[in-house]
Amino acid sequence: MSPIIIIRHPIFTYTSYIRAASVFGGTGIDSEFPLMATYRWQRIIYDFYREYYDKTDLEGRKHWPIVIDGDKLVEDTKGQMEKFCALTGIDETQIQYSWNASNESIEGVYRAFVGTIKESTGVIKTPKSSKALNVEEYVEKWTEEFDETVAQRLKEAVEASIEDYEYLFKARFVRFIAFGNHGQPLPFVMPKIRTTRTKQPPEGYEEIESILDDYARKMRDAENESHEGKRKSESLWPIMQISHARSRYVYELYYKREAISKPLYDWLLKEGFADANLIAKWKKPGYEKLCCLRCIQTKDMNYQGSTCICRVPKAQVRSGTIVNCVHCGCRGCSSDS
């Protein structure tokens, strides 16, 4: 079982709740508001399932919880659903992107919360975005729409929730990155999500933090890149290559340049900034340039016991043969490449 968590910035979700409550005479600022205006429960669910499946084998991790960004779902509905269907095994051709509005008559609380859905004929596009939001600007709008008391409570709720929201936001579709289009475990790791409650890293991390942040930005860009016109395997190549480059960076910092300490190196491996299994292969003769672990897993090849084309030495490759690994796009990683 995989929980599916759809998130949206608390500025929008909490405002929507207050508006819905006002339809049936409520202020929204009541004893139930703290229970509704939080992402703590979603985070607890996410952490529970993530930790549980992290302790099982890789096959079990296919059931990691799925976090979907609600804004992205509205903005790029088809692209997000393609990712979702690939993860869950649902036939994407059966997804409806338009439908008939319901003729059912609904009133009161039910109408307040689902009336818009019932009357819709498709995904309602909105100019609102969760990028670069300033809560102070919304306080003015809330004061005008509601009153100062409601505006202040909304501000407090948003500020109290932002860490949990950003934690979940960083986890959106992380299972897609880690397991690919068909839910099969891919041979690379993802950095753990860090928050203000995360234990501080060993000395020296601040000197390489900006470079690791740059890799994280590149990974997010690759994650959000359009897959139109690409084969399913090709859509993962940029992600695989960034993961490889980040692992190589950590490997060379410690083994080649001796620029980081053993405690920091071990911490980087533990936190998922580098793939310990891939690095272990790089230390062995013949595997110094290995692109990814899947290329040496013979069970994944078309012929039992064979190897990926990118592992074949250049001298043995027939003239005119295009070397392009199907798993990560590698153009050759044998020792003489």
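Predicted model: local features only at pLDDT ≥ 70, side-chain atom pairs only at ≥ 80, totals over all residues.
**View A. Leu-268 and the residues around it.** Leu-268 touches Tyr-205, Ile-208, Leu-212, Val-250, Ile-260, Phe-273 and Ala-274, leaving aside residues up to four places away in sequence; a touch here is a contact, with heavy atoms within 4.5 Å. Residues are numbered from 1 along each chain as its sequence is written, and side-chain values use heavy atoms, with hydrogens and water left out.

**View B. The largest nonpolar core.** This core has 36 residues, and Tyr-205, Ile-208, Leu-268, Cys-291 and Cys-310 touch the most other members. A nonpolar core is a set of buried Ala, Val, Leu, Ile, Met, Phe, Trp, Tyr and Cys residues joined through side-chain atoms within 4.5 Å, buried being under 20% relative accessible area (1.4 Å probe, protein chains only). Helix 11 gives the most to this core, with 7 residues.

**View D. Helix 1 against helix 8.** Helix 1 (residues 10-23) and helix 8 (residues 148-170) pack at about 140°, their axes 9 Å apart. Helices are DSSP runs (H or I, at least four residues), numbered from the N terminus; axes are lines fitted to C-alpha atoms over the stretch in contact, and angles run from 0 to 180 degrees between N-to-C directions. On the helix 1 side, Pro-10, Ile-11, Tyr-14, Thr-15 and Ile-18 make the contact. The residues of this contact split into 10 nonpolar, 2 polar and no charged.

Definitions and conventions: Helix = DSSP H or I, 4+ residues; strand = E, 2+ residues; numbered from the N terminus. Nonpolar A, V, L, I, M, F, W, Y, C, P; charged D, E, K, R; others polar. Buried < 20%, exposed > 50% of the residue type's maximum accessible area, 1.4 Å probe, protein only.
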